[in-house]
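Please load the structure in a viewer and keep the sequence panel open beside it.

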There are 2 protein chains.
Amino acid sequence: MKCRKCAGKAVINMRQHQLALCRDHFLEWIPAQIQRTIDKYQMFQSIERILVAVSGGKDSLSLWDILGQLGYHCDGLYIGLGIDGGIQYSEESQRCVQEFASQRNLTLHVVDIQEDYGETIMAMAERSTRGREKPCAVCGVAKRHIMNRVAREGGYNVLVTGHNLDDEAASLFGNTMNWIPDSLVRQWPVLEANHPGLARKAKPFCRLYEREIAAYALLRGIRYIYNECPYVEGSKSIYYKELLNILEEKRPGAKLSFYLSFLQAKENGLFSPSADPDFEELHPCPTCDQPTSAPGQCAFCRMVLHLV
Amino acid sequence: MKCRKCAGKAVINMRQHQLALCRDHFLEWIPAQIQRTIDKYQMFQSIERILVAVSGGKDSLSLWDILGQLGYHCDGLYIGLGIDGGIQYSEESQRCVQEFASQRNLTLHVVDIQEDYGETIMAMAERSTRGREKPCAVCGVAKRHIMNRVAREGGYNVLVTGHNLDDEAASLFGNTMNWIPDSLVRQWPVLEANHPGLARKAKPFCRLYEREIAAYALLRGIRYIYNECPYVEGSKSIYYKELLNILEEKRPGAKLSFYLSFLQAKENGLFSPSADPDFEELHPCPTCDQPTSAPGQCAFCRMVLHLV
C-alpha cells in the first residue's frame, strides 16, 4: 500500500478515513489532527499552563510528546497507585514515565498514594469494599481527587488525559446501554471548570483510534508499559470495547461515527438543558476543600479517613 | 424447572425476570403483561376501535389473539406485498392470516398492493431504486401509507402493530449508534395522532421478548408463517439484533434494561423539547391527502405516480 501524500511505502492504513500514510507523513498527520481537536473544542491555548496525567502507557506518553511538539508548555503528573498484580505494574509504569521525562528534561510531579495517604489503592479498596469488588471504583475516585488537587495547587489552567476514541466510545456505549442521563449530558471532549475548585479537563485524543496511537508511539520510539493495569481484565469497559470492535470490523469508522454523531446531536441541542448535572449543588469538602456533591466529606476523604 | 406459581412443570424460564412458569400460568401471564403495557402507556381503551396490522407472523397474530382475549374489539389489516423470494412469502402469509381470522370469525381487511396500485412492492422497488437496493425502504413507505389510509377510512381510533422488544431495542440501537435525533425523540410505545390526518399508533408487545411471543404462539396453537421476509437477511436490524443477543447472553435482561432505561430517561426529560420533530411542518399531500413533510406529494404518491 502506498502513502496517499508521497506514494512512498505506507506504514498504516486508516480505513475509516480511507487514508494510508508513510512513516513521515503519519508522524506529521497525528499532531496536526490533535491540533485540530484542541482548536475545535477550545480545549486550551498555548499561553496556558497544562498538566498531563501520565500513567506510563502509550496514550498518555504520546500525548505529552505531541503537545510538546505542538509548542504547548506541559508538566506531567504521575500517580503511584501501588498496584503489583504479579507484573509490578506501578513500579514498571513509573520507570517508563520517569525515563520519558528525564530524557526530555520535562517537569514531572509524582504523587505516591501510600506515602501521601498511608495506604496503597489496593489496601484502600480491600478495606472499603471488604474485598468484594475490584479496586477500579476506588482507584477512579483517588485519581480524580489527586489530579484535581495537583492541578489547583500548581496553578495549572487545564488537566489533560490520554483518553482515546476507543475509551470514549466504550464509555458512551456504557452510558447509552443504561441511559444514564448525567453521564450522557456531561460527556464531552472538554469539561469547563464550572466551579472555582475544579480544574478544566480535556481529552485531545478523543477522536484518535487506539491503534493509531500505538503506531505513533512505536514509530516515535516511545518506551511505554505494554501491560495494561491487571484489573482491567473482565471489566465492563473491555467488554464494551470488544462489542464496538465487532461493529468496527463490519463497518470501518463505526466507532468514530458513533462518537462524533453523539457530539453533533448534543451540539444541535438534543439534550434538555434541565438534564444538565451542572445544576447540581456542590459544596467544599470540609476536609480537603475540593467541591463535592456528597453530604459532608467528599468520597475520597471519606475513604482516607476510614469513614467507609 | 418448576413453575413459580404452582410448582408444576415449567415450560419457559424468563431469566431477566427470574421467572419460570408452567403452560397455564404462562398463558395467563402474557395477556396480563400486555394489559399492563397498554395501561401504563395509555395506548387505548376498551371502547375504542382498534386496527391490528397482521403480517401472518407470530407477533402480529399473537397480538390479535391476546387483544381479543383481553376484550378489545379489533379488526385486522393484511397488506399483500407481492413478495415471493422463492418461498411464496406473501401467498403463504396471507393464508395464515385468513385462516386465523375465519376460524375466529374476525373482520379482516386485505389490501393487495398490485391490485390497488398496479405494481407489487418488488416492482416499485426495482423501478425506484433501479435494482440497486433492497426493497425494504420502499416497503416501509408503502406499509405506513396503507396502514394509515385504512385506519382513517375505517374510522379506527388506533393502529396497533406486533413490534416486540427485540424489534424496539434493535431500532433504538440503530438510532443510538448514529444518534439520529428525530428517531430518538420520536421512539415511544405509543405515538399520539398529533395531526388530524394521522392515526394513533401503539406497540403493546414492546416490553415482550421475541422468544416469549414464539412460546406463546406455540402453546396457543396459532398457525403462523415461520419464514421471515426473505429480504430481512443481511439487514442492519438483523445485525443489531445479533449484537444485542450477545449482550443479552452475557447479562440476561440487558435488552429490556436498554429499552426501559431509555423510556425512563425520556420520561425524566432527557431530551430537549425543541428537538421534538412534532414541531415539523406537515401539509396534506395534494394527491392522497395524508399529512407529509415532503415538499409536494408524499413519498408514497411520488412512488406510485412514477415521480421517483
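How many salt bridges does the rule find across the interface of chain A and chain B? The rule finds zero there, a salt bridge being a side-chain nitrogen of Lys or Arg within 4 Å of a carboxyl oxygen of Asp or Glu.

Before going further, note the conventions. This is a predicted model, in which local features need pLDDT of at least 70 and side-chain atom pairs count only at pLDDT 80 or more, while totals for chains, interfaces and linings use all residues. Residues are numbered from 1 along each chain as its sequence is written, chains are lettered from A and ligands numbered from 1 in the order in which they are written, and side-chain values use heavy atoms, with hydrogens and water left out.

**Stop 1: the interface**

Select chain A and chain B together. In this model, 27 residues of chain A are in contact with 27 residues of chain B, where contact means heavy atoms within 4.5 Å. The two chains bury about 2500 Å² between them, 73% of it on carbon and sulfur atoms; buried area is the accessible area (1.4 Å probe) that two parts lose on being put together, summed over both. Now select A:Met177, A:Trp179 and A:Leu270, which supply 30% of the area that chain A buries against chain B, more than any other three residues.

Although salt bridges across this interface number zero, the rule does find six residue pairs in polar contact there, both residues at pLDDT 80 or more. A polar contact is a pair of N or O atoms within 3.5 Å; within protein, one must be able to donate a hydrogen and the other to accept it, and residues adjacent in sequence count only if both atoms are side-chain atoms.

Next, colour the elements of chain A that give two or more residues to the side touching chain B: helix 7 (165-177), helix 8 (181-186), helix 10 (236-250) and helix 11 (254-267). Helices (H or I, at least four residues) and strands (E, at least two) are DSSP runs, numbered from the N terminus. Helix 10 gives the most, with seven residues. The residues on this side of chain A divide into 19 nonpolar, six polar and two charged. In this division, Ala, Val, Leu, Ile, Met, Phe, Trp, Tyr, Cys and Pro count as nonpolar, Asp, Glu, Lys and Arg as charged, and the others, Gly among them, as polar.

**Stop 2: salt bridges within the chains**

Over all chains the structure holds 32 salt bridges. Select A:Asp166 and A:Lys255, whose closest N and O atoms are 2.8 Å apart in one such bridge. The pair links distant parts of the chain, with A:Asp166 in helix 7 and A:Lys255 in helix 11 of chain A, 89 residues apart. Both residues are buried; buried means under 20% relative accessible area, exposed over 50%, and partly exposed in between (1.4 Å probe, protein chains only).

Move to chain B and select B:Lys58 and B:Glu210, which meet in a salt bridge at 3.0 Å, N to O. Here helix 2 (residues 58-69) holds B:Lys58 and helix 9 (residues 210-219) holds B:Glu210, 152 residues apart. B:Lys58 is buried at 13% relative accessible area, whereas B:Glu210 is partly exposed at 26%.

Return to chain A for A:Glu48, A:Glu192 and A:Arg200, which are linked in a network of salt bridges. The side chains of A:Glu192 and A:Arg200 meet at 3.6 Å, N to O, and A:Arg200 is buried at 13% relative accessibility.

**Stop 3: A:Leu159**

Select A:Leu159, in strand 6 (residues 158-160) of chain A. This leucine is buried, at 1% relative accessibility. Not counting residues up to four places away in sequence, A:Leu159 touches A:Leu51, A:Met147, A:Arg200, A:Lys201 and A:Ala202.

**Stop 4: cysteines**

The count of disulfides over all chains is zero, a disulfide being a pair of cysteine sulfur atoms within 2.5 Å.

**Stop 5: positive phi**

Finally, select B:Asn105, whose phi is near 60 degrees, a positive value in a residue other than glycine. B:Asn105 lies in the loop between helix 3 (89-104) and strand 5 (108-112) of chain B and is exposed, at 71% relative accessibility.
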